[in-house]
Each structure stands twice: as C-alpha cells, then as structure tokens.
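Biologist: I am new to this structure. Could you show me how to read it, one feature at a time?

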Amino acid sequence: MKCTEFLNELTGYLDGVIDAQTKAELEDHLAWCHNCYVVCDTTKKTIEIYRNQELYELPDDLRGRLQTAIMSKCTAHKKAGPQKV
Amino acid sequence: MSAIQPNVQQPQPVSEEMELVRRAKRGDDSAFEELVRRYDRNVFRIAQHITQNREDAEDVVQDAFLKAYGNLAQFQEQSKFYTWLVRIAVNEALMRLRRRRPERMVSLDEEVKTEDDSVPREVADWSPNPEQMYNQSELRDILTRTIQGLPPGFRTVFVLRDVEGLSTEETAQALELSIPAVKSRLLRARLQLRERLSRFFQKRTNGNGDEKISGDGDQ
C-alpha cells in the first residue's frame, strides 16, 4: 500500500467503518511508515481536541432569552393563522 | 491505533423524539418547546461555526426554530427531526453569511483549490498532551482561528460529522450533498485542520537534539 492509498482510507479507518482486510493492510502500512503513523495519530488528536473543547457554548442567560423569544414568536405565528414562514 | 469513539452527544432515541414531534404537530407547544431545549445548543454551535458571528448565530437559532415550527406539517418523518432541523439551520446560516459577504461566493458546492491542498507537509509528531500546552482561552482561540480558516463547505462538514456527531448519511441529507462529497470534504477538512494545528502542537527539538515542548506556533 502506498501513502496516498493510505490517506484515501484514513477517514474510514479513524471512524472504524472499513472492512477487516483493508484495516489489516492499513495497519501493516502504519507499522513501517512513520510519516503516515504521525499523520494518522495527529489527525485523530485533531478530531478529539475539537470534540473536547466545546467552542461556542450557549450561555445560560442568552439561552433563556432565545427560548422565550422563540416560543413567543411561535405563539404569535399560531395566532396569525397558517402562512409561509 | 483504535478508531475514534462516537460523540457522546448523540440525539435522543428516535421513537421518543418522534412522539414529541407528533404532539407538536397536533398543536402541543410544550412538546415543541422540549425540542427547542433539546437542540438549541447544537443549532447555536453550528450557526456560529458557519456564520462566524454571534449575533447572526442568535438570529439563526430563532429563525430556524420558527421555520421548523411553521413547517412541521411538511416534515415527513423519513429522517430524524434533528437532521431536518440542522438542514433548516444550515440554510439560514449560509443565507446570513452570504448577506454579510456579498463579495464572496459562499456555497457548499464550491470546488476548493487543487486536489493536493490536503497533502500532509508537516509530519512532526505532537506533544503527548497538546491541550495542556496552552491555557484554556489560548487554546480556544487557536482552535477557533484554525477552523475559521477552512472554506465554509469543509468547515460545515467537519462540524456536523466530527463535532456534532451526525453520521455521513445524515450529514449528506442535511447539506444536500452526495455521500462521496461528504467523505471527500471530511477527509480534506480533517487533514487541513491537522496541518494547521501542527504548527502549535508539534514537539520541538533544541540544539542538543533533546526534545522539548514548545507552543509558539503562528499562523
């Protein structure tokens, strides 16, 4: 397996959605190709960091205001009768 | 190396959720309010990732839920409610992004640069604990600036798949893209983010050949 072929399968490998034979070939490649090992490992860390660090959290006070605004608009919409939103 | 575990923030079981949707369709606003509470944080995150603007994201949250409320009767229940809602929210967010940046073509379909834009160039290993190299606000700043540098079409696929935990099929549905297009964009988004983050998180060596950790990467 070449490095470019490894890269093409990387997403499926990281997501655990590839067949056993392809997985074995990828892991054989990883065992001797240090560069692909590093790319694979740091790509995995990239995904984990973005999952762990929740960017753009919705603060509680803003959340409360948004929920109130949404429900009052929905009520107004209902009272106004059927129309395109 | 093991596969990445699925995101823990998966939407609730479909049958229970569909019951809420059906109640909301029959006019039970408390059921719809429960759906708002369930997904407002997700919609806000997605909207802010796409628009990169907090006020726009607030508007998108309101408009997306109002649109979902007004069009509930059209929801055919062939997908999860959440996927349908994300599709509405992504469209609202893209509309606002286009309004803010009329000079730039903003489309999920844009073909971005060349095929080799994701070929790894930086292959230095990272520090064992990259998240501990910076304080919380520095780290968030790095992550935010890095993901903002991706084209909208890549950024959105990465956020839906890897941050929000939608499946490839759900992401394709929500973005009206083909499955191969989602897969291709996800790979390129992951590799580009990895490349850019390597500048901050890689191990450095000093003149004696000893490894040291340094976090002075810049964009």
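Predicted model: local features only at pLDDT ≥ 70, side-chain atom pairs only at ≥ 80, totals over all residues.

**Reading a two-chain model**

Modeller: Begin with spacing inside chain B.

Biologist: How many residues of domain 1 of chain B are in contact with domain 2 of chain B?

Modeller: Count the residues on each side. Here 11 residues of domain 1 of chain B are in contact with 13 residues of domain 2 of chain B. On the domain 1 side, helix H2 (29–51) and helix H4 (81–100) of chain B each supply at least two residues. H4(B) gives the largest share of that side, five residues. By class, the domain 1 side has five nonpolar, five polar and one charged residues.

Biologist: Now the two chains. How many residues of chain A are in contact with chain B?

Modeller: For chain A it is 37 residues, in contact with 45 residues of chain B. Helix H1 (3–15), helix H3 (34–52) and helix H4 (60–80) of chain A each supply at least two residues of the chain A side. The largest share, 16 residues, comes from H3(A). The chain A side divides into 18 nonpolar, 11 polar and eight charged residues.

Biologist: What is chain A built from?

Modeller: Read the elements in order. Chain A has four helices and zero strands. Its pattern along the sequence is α-α-α-α.

Biologist: Is chain A spread out or compact?

Modeller: Compare its radius of gyration with the globule rule. Chain A has 24 Å, well over the 12 Å that the rule gives for 85 residues, so chain A is more spread out than a compact globule. Its C-alpha trace spans about 65 × 30 × 20 Å along the principal axes. Buried residues make up 24% of the 85 residues in chain A.

Biologist: Why does Tyr56(A) count as partly exposed?

Modeller: Count C-beta neighbours. Buried needs 20 or more, and exposed needs 12 or fewer. Tyr56(A) has 18 inside 10 Å, so Tyr56(A) is partly exposed. Gln52(B), with 19 other C-beta atoms within 10 Å, is partly exposed too.

Definitions and conventions
Residues numbered from 1 in each chain as written. Chains lettered and ligands numbered in written order. Contact = placed C-beta atoms within 7 Å. Nonpolar A, V, L, I, M, F, W, Y, C, P; charged D, E, K, R; others polar. Rg over C-alpha atoms; globule rule 2.2 N^0.38 Å.
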